[in-house]
Amino acid sequence: MSANPPPNAAELRQVMFGLGLAMLLSALDQTIVVTAMPTIAADLGDPQDLPWIVTAYLIAATVVTPLYGKFADVYGRRRVILIGVVTFVIGSVACALAPSMAALAGARVIQGLGGGGLISLAQTIVADLVSPRERGRYQSYFAAVFITSSIAGPALGGIFAQYWHWSLIFWINLPLGLAALLIVNSRLKRLPERRHPHRVDYLGAMLLIAGSGLLVLALGWGGVRYPWRSAPIVGLLAASALAWALFAWRTARAEEPLIPLRILRLRIVRDAILSSSFGLGGFVGLSVVMPIYYEICGGMNASESGLTLIPLMVGTVAGATLSGRLMGHLTHYKTAPLLGLGAGALAALGAAAMMGSGRSLLWLNALLTVTTFGIGAMLPVATVSVQNAVDSRDLGTATASMQFFRQLAAGAAVALFAALAIGGGRAQLLEEMKTDVDGAALFSSFRLVFLALAVCVGLSLLFLARMEERPLRGERRS
């Protein structure tokens, strides 16, 4: 590690701006795509494969996230995050030029290979520079990024899809990516470079990639492309289980495993990972299927769907901002997210109950915004708690491991929610994308979606309540 002095407040703000721009690439990509999905399916065909626009990205981003954390610990944060940005931009160009749904899914894999480490690497770099007690306060910088993506993403995705062309949602990443590349490189060059003498377990990485990729693939195809009990799905699940078993065997015996057991043995880390995985998985799954609800059941066009999705996105960011700000000032910093998750689980149950009666879109969105607010309030508490519990040598690996399990849960939730929303009424969905009908048969499917959301939020609440509330390192600020 370099002997350079720690950054002052002005340098920290410059670093935050550069990291925020890198994070914007990943955050905007997740929100700008969802409202354009029905339009993309109508243009490229194969609407039954619609969830793969999101799932393909999530699979790729998930499997490389632990590698990003390990590489960042070994080779330094700056070099690795620059590789991620370049790969993401290349994948974005390939997405914009895709002539078919299959080509688009393949390009999204490339994009995911780049974007998989951007958020966790940015969080790791902040953890290098700021004490745990102060990290919640610095979450407001990243919250500004997610507010921007939450508001601009759905609106831009809908406007581009309706009035211009859906490929613009990927072309926009080219100037953003080039700016992020220049700013991140120049800002991080001035800061101390943190490296640790780790080894990379490539065999464990391959087993992890196989296990998680096969699992998400099975969940994406089950009930949509193949019946759940069919040979392809059973075979994928069996192969995934075998790969996970081999990964566990490798983790227990490797000299330095990809995800060290000393991290996973910490109960606070396990509870934080499980809480954030269930919560974020529910949020991502919801954000993917709601545009389908708005456009089919609500009769909206793409731009209207994007605007209607904004409150759900902003709810998550508002919850994260409030909770992050309170962390450095409260001894019992779990209180806010516990209350938020409890209200969110009840609100999700209320949304499910509405599917059988009034169907008021205003009330439905209000309930779902309460749910996303609760999920958002949990996220910074879970992240900072993990970083506060591990040694500095494991900071990058622990942060990336948490992001890995979050993205794995998100991929599984997207597959599950899409199967519930589309799988049960796929024939009608295909017809309704071409005709102007009320979509009444899909209401029962979305009741199952909201019940699944309530289960995810409830489990997030359970594991956060179990999580130890350790004092945060660093001085308290008034």
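Let's start with contacts along the chain. A contact here means heavy atoms within 4.5 Å. Take the contacts between residues at least 6 apart in sequence: 86% of them join residues at least 24 apart.

A word on what we are looking at. This is a predicted model, where local features need pLDDT of at least 70, side-chain atom pairs count only at pLDDT 80 or more, and totals for chains, interfaces and linings use all residues. Residues are numbered from 1 along each chain as its sequence is written, and side-chain values use heavy atoms, with hydrogens and water left out.

Now the overall build. The chain has 19 helices and 0 strands. Both are DSSP runs, numbered from the N terminus: helices are H or I with at least four residues, strands are E with at least two. The chain holds 478 residues, and 58% of them are buried. Buried means under 20% relative accessible area, exposed means over 50%, and partly exposed is in between, with a 1.4 Å probe and protein chains only. The accessible surface comes to about 18,100 Å². Carbon and sulfur atoms account for 65% of that surface. Those areas come from the Shrake-Rupley method with a 1.4 Å probe; for residues, only the protein chains shown count as cover.

Next, the cores. A nonpolar core is a set of buried Ala, Val, Leu, Ile, Met, Phe, Trp, Tyr and Cys residues joined through side-chain atoms within 4.5 Å. The largest one has 109 residues. Which members touch the most others? They are Met290, Leu364, Leu368, Phe446 and Phe450. Helix 13, residues 267–297, gives this core its largest share, 13 residues. Look at Phe446. Setting aside residues up to four places away in sequence, Phe446 touches Val289, Met290, Tyr293, Met355 and Ala421.

Keep Leu408 in mind, and turn to Thr62. Thr62 sits in helix 3, residues 52–75. Thr62 has a relative accessible area of 3%, so it counts as buried. Beyond four places in sequence, Thr62 touches Phe404, Gln407 and Leu408. Gly112 is 50 residues from Thr62 in sequence, yet their C-alpha atoms are 8.0 Å apart in space.

Is Thr251 buried or exposed? Buried, because its relative accessible area is 7%. Past its neighbours within four places, Thr251 is in contact with Pro257, Ile259 and Leu261.

Last topic: charge pairs. A salt bridge is a side-chain nitrogen of Lys or Arg within 4 Å of a carboxyl oxygen of Asp or Glu. How many are there by this rule? The count is 2.

Arg267 and Asp271 form one of them, at 3.4 Å from N to O. Both lie in helix 13, 4 residues apart, about one turn of the helix. Arg267 is partly exposed, at 44% relative accessibility. Asp271 is buried, at 2%.

Asp271 also pairs with Arg466, where the closest N and O atoms are 3.2 Å apart. Arg466 lies in helix 19, residues 442–466, and Asp271 in helix 13, so this pair ties together parts 195 residues apart in sequence. Arg466 counts as partly exposed because its relative accessibility is 39%. Through shared partners, Arg267, Asp271 and Arg466 join into one network of salt bridges.
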